[in-house]
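Please read the points in order.

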Amino acid sequence: AAAVIARAADWPLDVFIPPDAEAPVVKRLKDLGATCHVMERQAGQAGDPCYHGFRRAVAAGGLPFGVQGNEVGLAIEGGQTLGWEMADSLRTAGLDLDLLVVQVGGGALGSATFQGLREAEALGVVSHLPAIFTVQTMGAYPLKQAFTRFAGEADPDDLAGSLRHAAQNRADYMKPWPATPMSVAHGILDDETYDWLALVEAMAVTDGDARIVGEPRLIEANRLGRETTGIHVSHTGSAGLAGLIDIAGAGLPEGVRAAVLFTGAERN
């Protein structure tokens with residue numbers, strides 16, 4: 001998407017990608033005129049080397065143009081439309097949503113959708129917020145670790161104060177994943193969840209939770225999603241469904257209305 005816009009605006013675009021980036025995506029980037037920088041992991045370097053390369057380029061004068069909300073606020077504003085559209089659909093159908101399951105890599109998708117729904121609730125478009133559940137893979141789950149620590153320390157009578165403390169002590173909660181992340185859901189293998197605090201708040205205020213799923217569940221959900229909807233969704237895009245299947249397997253009250261987001265197509 002960034003390459004399409006940069007090509008249309010006749011702006012040069014530097015893209016920082018891992019060595020195992022999907023070949024069709026790399027080809028499309030190059031066809032659109034983007035300059036691809038393959039970022040290898042270095043011994044002793046914590047965090048995503050692609051993100052480090054991006055940060056160096058920004059420090060050298062480049063304009064940040066990506067999907068991480070902490071770097072590009074417009075990514076959050078654009079993503080909020082998902083929450084607004086969901087709320088409008090619910091209002092039109094006269095329905096309430098009890099549970100929303102969102103796949104998480106860098107976190108902008110989840111935080112933006114939640115902010116959109118929260119605004120819709122404030123305007124009376126929906127009667128209440130759904131419980132927000134996030135999903136990461138067994139290959140990397142930094143948000144799960146951060147939320148588990150936050151939930152264990154938070155003061156239920158002063159949630160705002162607990163969130164301020166977490167914000168001021170980021171390194172105690174959000175830590176770079178210590179190993180090379182690997183999963184069939186390649187698009188959510190961020191070493192860190194950059195929008196972690198917004199998602200921690202979303203889960204805390206809605207009685208949600210952070211979940212992790214294994215590869216068999218991700219593959220099962222992708223097959224089910226394709227067969228039942230006809231959407232050629234990728235394993236990353238259907239990871240929210242994998243989380244919902246996992247949650248349902250633990251037991252859900254009768255009549256709970258849940259939603260997931262399909263966010264990416266499989267490219268061949």
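1. Basis of the note. This is a predicted model, in which local features need pLDDT of at least 70 and side-chain atom pairs count only at pLDDT 80 or more, while totals for chains, interfaces and linings use all residues. Residues are numbered from 1 along each chain as its sequence is written, and side-chain values use heavy atoms, with hydrogens and water left out.

2. A search of the whole structure finds twelve salt bridges (a side-chain nitrogen of Lys or Arg within 4 Å of a carboxyl oxygen of Asp or Glu). One of them joins Asp88 to Arg91, with the closest N and O atoms 2.6 Å apart. These two residues are three apart in helix H4 (residues 73-93), which means that about one helical turn separates Asp88 from Arg91; helices here are DSSP runs of H or I with at least four residues, strands are runs of E with at least two, and both are numbered from the N terminus. Asp88 is partly exposed at 36% relative accessibility, and Arg91 is partly exposed at 46%, where buried means under 20% relative accessible area, exposed over 50%, and partly exposed in between (1.4 Å probe, protein chains only).

3. Which parts of the chain does the pair of Arg211 and Asp246 link? The side chains of Arg211 and Asp246 meet in a salt bridge at 3.2 Å, N to O. The pair links distant parts of the chain, since Arg211 lies in strand S5 (residues 209-213) and Asp246 in helix H10 (residues 239-249), 35 residues apart. Asp246 is partly exposed, with a relative accessible area of 22%. Arg217 and Glu220 also form a salt bridge, at 3.0 Å from N to O, and they are three residues apart in helix H9 (residues 215-229), so about one helical turn separates them. Arg217 is partly exposed at 26%, as is Glu220 at 31%. Salt bridges that share partners join Arg211, Arg217, Glu220 and Asp246 into one network.

4. The search of the whole structure finds four aromatic pairs (rings of Phe, Tyr and Trp, the last by its six-membered ring, with centres within 6.5 Å; planes under 30 degrees apart count as stacked, over 60 as edge-to-face and the rest as tilted). Among them, Tyr51 and Tyr194 are stacked, at 4.2 Å centre to centre and with 20° between the planes. Because Tyr51 lies in helix H3 (residues 49-59) and Tyr194 in the loop between helix H7 (159-168) and helix H8 (196-205), this pair ties together parts that are 143 residues apart in sequence. Both Tyr51 and Tyr194 are buried, and together with Phe54 they form one aromatic cluster.

5. Helix packing. Helix H6 (residues 142-153) packs with H8 at an angle of about 55°, and their axes are 10 Å apart (axes are lines fitted to C-alpha atoms, for helices over the stretch in contact, and angles run from 0 to 180 degrees between N-to-C directions). H6 is therefore oblique to H8, given that angles under 35 degrees count as roughly parallel, over 145 as roughly antiparallel, 65 to 115 as roughly perpendicular and the rest as oblique.

6. A loop residue. Ser234 is placed in the loop between H9 and H10, and Ser234 is buried, with a relative accessible area of 10%. Ser234 and His186 are 48 residues apart in sequence and 9.4 Å apart in space, C-alpha to C-alpha.
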